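Hi,

Here is the structure I wanted to pass on to you. Could you have a look when you get a moment?

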Amino acid sequence: MILFIGLCFTVLLFSGVPIAVILGVTTLMSLVFFSNTPLTIITQQLFNALDQFVLLAIPFFILAGAIMTRGGIARRLINFVNALVGWFPGGLAMAGILGCIFFAAISGSSPATVVAIGAIMIPALIKAGYGEKFSLGLITVSGSLGIVIPPSIPMILYCLVMNVSVAEIFMAGVMPGLLIGFSLMVYTFFVAKKHNWRIDQNASVARLIETGKDGIWALMLPFIVLGGIYSGVFTPTEAAAVSVVYALFVEMVIYKEFGIKDLTDVCREAAILSACLLFILSCAMTFIWLLTAEQIPHHLADIIIRYIDTPWMFLLTVNLLFLILGCFMDDVSAMLVLAPLFLETLNRYGIDLVHFGIVMVLNIQMGMLTPPFGLNLFVASGITKAPIVTIARGVAPFLLIMLACLMLVTYIPWISLALPHWLLK
């Protein structure tokens, strides 16, 4: 059966079949030809996969991100961070990075971050003389922090398939996300000094206070959502619901830049995206059930340990595998399929599942920035009308920074595990 599963999956994948259909069809065909198990087990597994309270967080975070993308929260965040760092060399670009960090902490979505911040910052950067290629690359890469800095939808999916605490992995994502953001800002500073880009404004405490007052409602949201989760006031699912209610209140009552018609549109968009993600998840969980029933993770662990005798070499292999798979399939789907396969191997090597989850998320982040399936490339192209090739060229220099951060997080577990260890002890 193992050979049949691998062959069926590969043939369908290279035939261009959607990943969710591949997982469902492979499971069905394997049961038909190699098992006496009633096929009703598939519908039962599909239902069981979605019958989990934590899954409600996904549509809520998607809806909250859509509301904030459509409203005025993103613009006020940018005004504040621009007042904070705009007087540095490359300050406007740094403001774009900080804007992405703040928006990532309230949306949980990489594409939503690119849309919300990119729609404002990319034209502003180009107008300020930063260059089209640099501006497109910087915001496209910075927007990918939407899935690294919690809350994060891929982190929730990983927790479901690997049985890990959502709150713990959210904590683990904070320091890697800040590391990447800081690295991008340092690179931007030196590039700005090299090209002698003009400084748009002087340091002004009065302007910082003014923009802070105007954006206080937007700035409070990350602290409410993440603070509520880490303090135990509410669960990640409840935090997602709170973020929707708070975003609606701020956009419709305080800022008054969001109407009923907008609500109808964003609900439709969020429902479609949520349905796609949950359909992939349910099919993936059914496929994982089949793999577990056939003890494939144990067989794979035996093979891996036979040829790879150190944890660091295993992690390097996994990173290379995901970088290659990103050229052929969606990395989120790859994580849902492969992470459970590696579970037994991780246990034998003694690799922390939370640490491994962050490594997976950083690989997904890289996959969103590399063609041909780099989702952020298509999103940036959609909002700027720039060709994919132009955006990919702009992203290329930043990929070296991302790769360096990936290696640091992979081989220094403290970066991802320190915060959860400090807060949970």
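Predicted model: local features only at pLDDT ≥ 70, side-chain atom pairs only at ≥ 80, totals over all residues.

Below is what turned up on the salt bridges.

Residues are numbered from 1 along each chain as its sequence is written, and side-chain values use heavy atoms, with hydrogens and water left out.

There are 4 salt bridges in the structure (a side-chain nitrogen of Lys or Arg within 4 Å of a carboxyl oxygen of Asp or Glu).

One of them pairs aspartate 214 with arginine 76, at 3.5 Å from N to O. Aspartate 214 sits in helix H11 (residues 205–214) and arginine 76 in helix H5 (residues 73–85), so this contact ties together parts that are 138 residues apart in sequence. Helices here are DSSP runs (H or I, at least four residues), numbered from the N terminus. Arginine 76 is buried at 10% relative accessibility, while aspartate 214 is partly exposed at 36%. For the cut-offs, buried is under 20% relative accessible area, exposed over 50%, and partly exposed in between (1.4 Å probe, protein chains only).

Then there's helix H14 (residues 260–293), where lysine 261 and aspartate 265 lie 4 residues apart, about one turn. Their side chains meet at 3.5 Å, N to O. Lysine 261 is exposed at 63%, but aspartate 265 is buried at 18%. Arg268 joins Lys261 and Asp265 in a network of salt bridges.

Finally, arginine 348 bridges to glutamate 344 at 3.1 Å, N to O, within helix H18 (residues 343–349).

Cheers

Key. Helix = DSSP H or I, 4+ residues; strand = E, 2+ residues; numbered from the N terminus.
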